[in-house]
Amino acid sequence: MKPLCSLAHLASFCLLAGRVEAAITLDLTSADSIKKAASTVAYDLMKYYTGNNTGDVPGNLPNPYYWWEAGAMWVI
């Protein structure tokens, strides 16, 4: 597990996403806190994903998002 790499990817995606509605509390010394924060981020990211819908492109985000933003989402 590379926590610094994951945190860098998360920060990059937040900058690309353009807005943050609420802060996520994270205690880097607590495994439960890390898991809860990661779960919250994953759940919120999946709200943008429509690839599960019939006829949509798997792995890509709908317009106005670009392929590299979808790639950043999947790396996280």
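Reply: Accessible areas come from the Shrake-Rupley method with a 1.4 Å probe, and for residues only the protein chains shown count as cover. On that basis the protein chain exposes about 6000 Å², of which carbon and sulfur atoms supply 61%.

Me: What kind of model is this, and how are residues numbered?
Reply: This is a predicted model, in which local features need pLDDT of at least 70 and side-chain atom pairs count only at pLDDT 80 or more, while totals for chains, interfaces and linings use all residues. Residues are numbered from 1 along each chain as its sequence is written, and side-chain values use heavy atoms, with hydrogens and water left out.

Me: How many helices and strands does the protein chain have?
Reply: The protein chain has three helices and zero strands, and its pattern along the sequence is α-α-α. Helices (H or I, at least four residues) and strands (E, at least two) are DSSP runs, numbered from the N terminus.

Me: What share of the residues is buried?
Reply: Of the 76 residues in the protein chain, 17% are buried. Buried means under 20% relative accessible area, exposed means over 50%, and partly exposed lies in between (1.4 Å probe, protein chains only).

Me: Which residues form the largest nonpolar core?
Reply: It has six residues, namely V41, L45, Y49, L61, A70 and M73. Helix 2 (31-46) and helix 3 each supply at least two residues of this core. A nonpolar core is a set of buried Ala, Val, Leu, Ile, Met, Phe, Trp, Tyr and Cys residues joined through side-chain atoms within 4.5 Å.

Me: Let us take L61. Where is it found?
Reply: L61 is in the loop between helix 2 and helix 3. With a relative accessible area of 8%, L61 is buried.

Me: And what is L61 in contact with?
Reply: Leaving aside neighbours within four places in sequence, L61 is in contact with Y48, Y49, E69, A70 and M73. Contact means heavy atoms within 4.5 Å. The C-alpha atoms of L61 and G51, 10 residues apart along the chain, are separated by 7.1 Å.

Me: Which residues of helix 3 are buried?
Reply: They are E69, A70, A72 and M73. These residues lie on the same side of helix 3, because they cover an arc of only 155° around the axis. The arc is that of the directions from the helix axis to the C-beta atoms.

Me: How much of the contact set joins residues at least 24 apart?
Reply: Among contacts between residues at least 6 apart in sequence, 35% join residues at least 24 apart. A separate C-alpha distance concerns I76, in the segment after helix 3, and A42, in helix 2. I76 is partly exposed at 40% relative accessible area, and A42 is partly exposed at 39%.

Me: Changing topic, how many salt bridges does a search of the whole structure find?
Reply: The search finds one salt bridge, in which the side chains of D44 and K47 meet at 3.6 Å, N to O. A salt bridge is a side-chain nitrogen of Lys or Arg within 4 Å of a carboxyl oxygen of Asp or Glu. D44 is partly exposed, with a relative accessible area of 32%, whereas K47 is exposed at 58%.

Me: Which residues make the nonpolar surface patch?
Reply: Y66, W67 and W68 make a patch of about 430 Å². Patches are made of residues with over 30% relative accessible area and no salt bridge, where like charges are joined within 9 Å and nonpolar side chains (Val, Leu, Ile, Met, Phe, Trp, Tyr) within 5 Å. W67 belongs to helix 3 (residues 67-75) and counts as exposed at 64% relative accessibility.

Me: Finally, which peptide bond is cis?
Reply: The bond from N63 to P64 is cis, with omega near 15°. P64 lies in the loop between helix 2 and helix 3. Most peptide bonds are trans.
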